[in-house]
Amino acid sequence: MAVHLSGLVKSYGDVHAVRGVDLDIAPGEVVALLGPNGAGKSTTVDMLLGLARPDQGTVALFGAEPRQAVAQGHVGAMLQAGSLLPDASVGELVAMFAALHRAPLPVEEALERAGIADLADRPTGKLSGGQAQRVRFALAVVPDPVLLVLDEPTVGMDVESRRAFWAAMRNLTAAGRTVLFATHYLDEADDYADRVVLMRSGRIIADGTAAAIKNQVSGRRIGARLPGADEARLRALPGVFDVAVRGDRVTLHCTDADAALRALLSAYEQARDLEVRSVDLEDAVVALTSAADDQGTAAPTDPTHSRNDQESRS
Ligand SMILES: Nc1ncnc2c1ncn2[C@@H]1O[C@H](COP(=O)(O)OP(=O)(O)OP(=O)(O)O)[C@@H](O)[C@H]1O
C-alpha cells in the first residue's frame with residue numbers, strides 16, 4: 001500500500017477532530033478527500049505526513065513511518081499555510097528545497113512542471129496568491145516523490161490557473177504517482193480523482209468512485225418556479241422525499257420523479273421553468289454530509305459500502 005491509515009484518532013482538548021479513520025490507498029490511485037469545514041481532513045493529512053501525532057492508530061507510507069518516508073523523498077506535500085521566504089527568488093527557494101533531498105528533480109524541471117518557469121527570478125514576496133500556490137506545488141514535486149499530498153491545492157487560483165494546475169497533475173499521475181488531495185471544489189474531485197473519500201465529523205462516511213458516491217443518493221431532482229408554495233403540501237406529494245424552498249424556487253428530491261412531476265402539475269398548474277435532473281456529486285455530498293449526525297454516524301441514506309462506517313459501528 002502507498003498509504004495505510006489504521007484506527008486514527010486525534011483530539012484537541014474537547015474537540016474530537018478525527019474519530020477513527022481507516023484508509024488504504026494503492027500505488028497509482030488519485031484520491032480526493034472531501035468534507036465540510038471542520039470534518040477532520042487537514043488533521044488526517046497532518047497525521048499522514050507525521051506533522052501531528054495520532055492519539056491512537058498508525059500511519060504507514062510504503063510500509064515506513066511518515067517521517068522516514070518524507071526524509072527519503074518518497075512524499076511531496078503542499079499544505080494550506082506555509083509562508084515562502086519573501087526575499088528569496090522562486091528559483092532560489094526551489095533550489096534550497098531541492099538541496100534537502102537525495103535525488104531531487106533539476107530545479108528547472110520542477111518549475112516547468114508547476115508551470116512557473118517564467119517566474120524563476122521573481123521574489124516570492126511579489127507573487128499573486130495563485131502563483132504562490134504553484135510555487136508550493138513546485139516545492140512538493142522537487143523531491144520527485146511517488147506520493148503527493150495536497151491540501152486544497154487550487155485555493156486562490158483563477159479558472160485558467162486551476163486548469164493549468166490539473167493539466168500538470170495529469171502529467172505527473174500518468175507516470176504512476178499516487179495522489180491524495182483535499183478539496184472543496186467538487187468538480188475537481190469529479191474530474192480528477194479515481195476515488196472520493198468523504199469525511200464528516202472526524203469519520204469517513206463514504207468511499208468510492210464519484211459515480212458510486214452519486215449512486216448512494218438515489219433519485220432525481222425536480223426544480224420549478226412556484227411562488228408561495230406550501231412546503232408541507234409539496235412534501236406530501238407522491239414520489240417526493242424532501243423539499244427545499246428558496247424564494248420562488250422549489251426543489252423536490254424524488255424517489256419517483258415521474259409520479260412527483262405529474263402530481264406537482266396537477267396540484268400547481270402555475271408551476272413554471274420545470275427541470276428534472278439527476279443527482280450530481282454536489283447533491284450527493286450535501287445529502288451524505290447532512291444525513292450524518294454530529295457523532296459522524298451515518299443516517300438513512302446510509303452509504304452501505306463505506307468500509308469505515310461499517311467498522312465504526314461494529
Ligand atoms: N491545532 C488545533 N487545536 C485545536 N483544534 C483544532 C486544531 N486543529 C484542528 N482543530 C479542530 O479540529 C476539527 C477538525 O479540523 P480540520 O482542520 O482537520 O478540518 P478540515 O476538514 O480540514 O476543515 P477545513 O475544510 O475547514 O480545512 C475542527 O473542529 C478544528 O477546529
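Trainee: Why does Phe 62 count as partly exposed?
Mentor: Count its neighbours. A residue is buried if 20 or more other C-beta atoms lie within 10 Å of its own, exposed if 12 or fewer, and partly exposed in between; the C-beta atoms are placed from the backbone. Phe 62 has 17 C-beta neighbours inside 10 Å, so Phe 62 counts as partly exposed. One caution: this is a predicted model, where local features need pLDDT of at least 70, side-chain atom pairs count only at pLDDT 80 or more, and totals for chains, interfaces and linings use all residues. Residues are numbered from 1 along each chain as its sequence is written.

Trainee: Where is Phe 62 found?
Mentor: In the loop between β4 (56-61) and α2 (66-71).

Trainee: What makes Ser 201 count as buried?
Mentor: Ser 201 has 21 C-beta neighbours inside 10 Å, so Ser 201 counts as buried. Its place is in the loop between β8 (195-200) and β9 (203-208). Ser 201 has a positive phi near 50 degrees, and is not a glycine.

Trainee: Why is Gln 270 called exposed?
Mentor: Gln 270 has 11 C-beta neighbours inside 10 Å, so Gln 270 counts as exposed. Gln 270 lies in the loop between α10 and β13. Its C-alpha atom is 9.9 Å from that of Ala 224, 46 residues apart along the chain.

Trainee: And what makes Arg 233 exposed?
Mentor: Arg 233 has 11 other C-beta atoms within 10 Å, so Arg 233 is exposed. Arg 233 lies in helix α9 (residues 231-235).

Trainee: How many of the chain's residues are buried, as a percentage?
Mentor: Buried residues make up 42% of the 314 residues in the chain. The chain has 12 helices and 13 strands.

Trainee: What makes a group of residues a nonpolar core?
Mentor: Its members are buried Ala, Val, Leu, Ile, Met, Phe, Trp, Tyr and Cys residues joined through C-beta atoms within 7 Å. The largest such core here has 73 residues, of which Val 94, Ala 138, Val 149 and Leu 198 touch the most other members. Helix α5 (residues 129-141) gives the largest share of this core, 7 residues. Apart from it lies another core, of 13 residues, among them Leu 226, Leu 252, Cys 254 and Leu 261.

Trainee: Which residues is Val 149 in contact with, beyond its neighbours within four places in sequence?
Mentor: Contact means that the C-beta atoms of two residues, placed from the backbone, lie within 7 Å. Val 149 is in contact with Val 45, Leu 48, Leu 49, Val 75, Ala 77 and Leu 180, leaving aside those sequence neighbours.

Trainee: How do you know that β1 and β2 are paired?
Mentor: Two strands pair if DSSP finds at least two bridges between them. Between β1 (residues 3-12) and β2, which run antiparallel, there are 8 bridges. Leu 8 stands opposite Val 21 in β2. The two strands form a hairpin with 2 residues between them, and Gly 13 in the turn has a positive phi of about 60 degrees.

Trainee: What makes β11 and β13 edge strands?
Mentor: Start with the sheet. Its 4 strands run in the order β11-β12-β10-β13, with antiparallel pairing, and the sheet is open. The strands β11 (240-246) and β13 (272-278) each pair on one side only. Strand β10 (residues 220-225) is joined to β13 by 5 bridges. Arg 225 has Arg 272 in β13 as its bridge partner.

Trainee: Which residues are around the ligand?
Mentor: The rule is a C-beta atom, placed from the backbone, within 6 Å of the molecule. The residues include Tyr 12, Val 15, Lys 41 and Thr 43. Helix α1 gives the most to this shell, with 3 residues.
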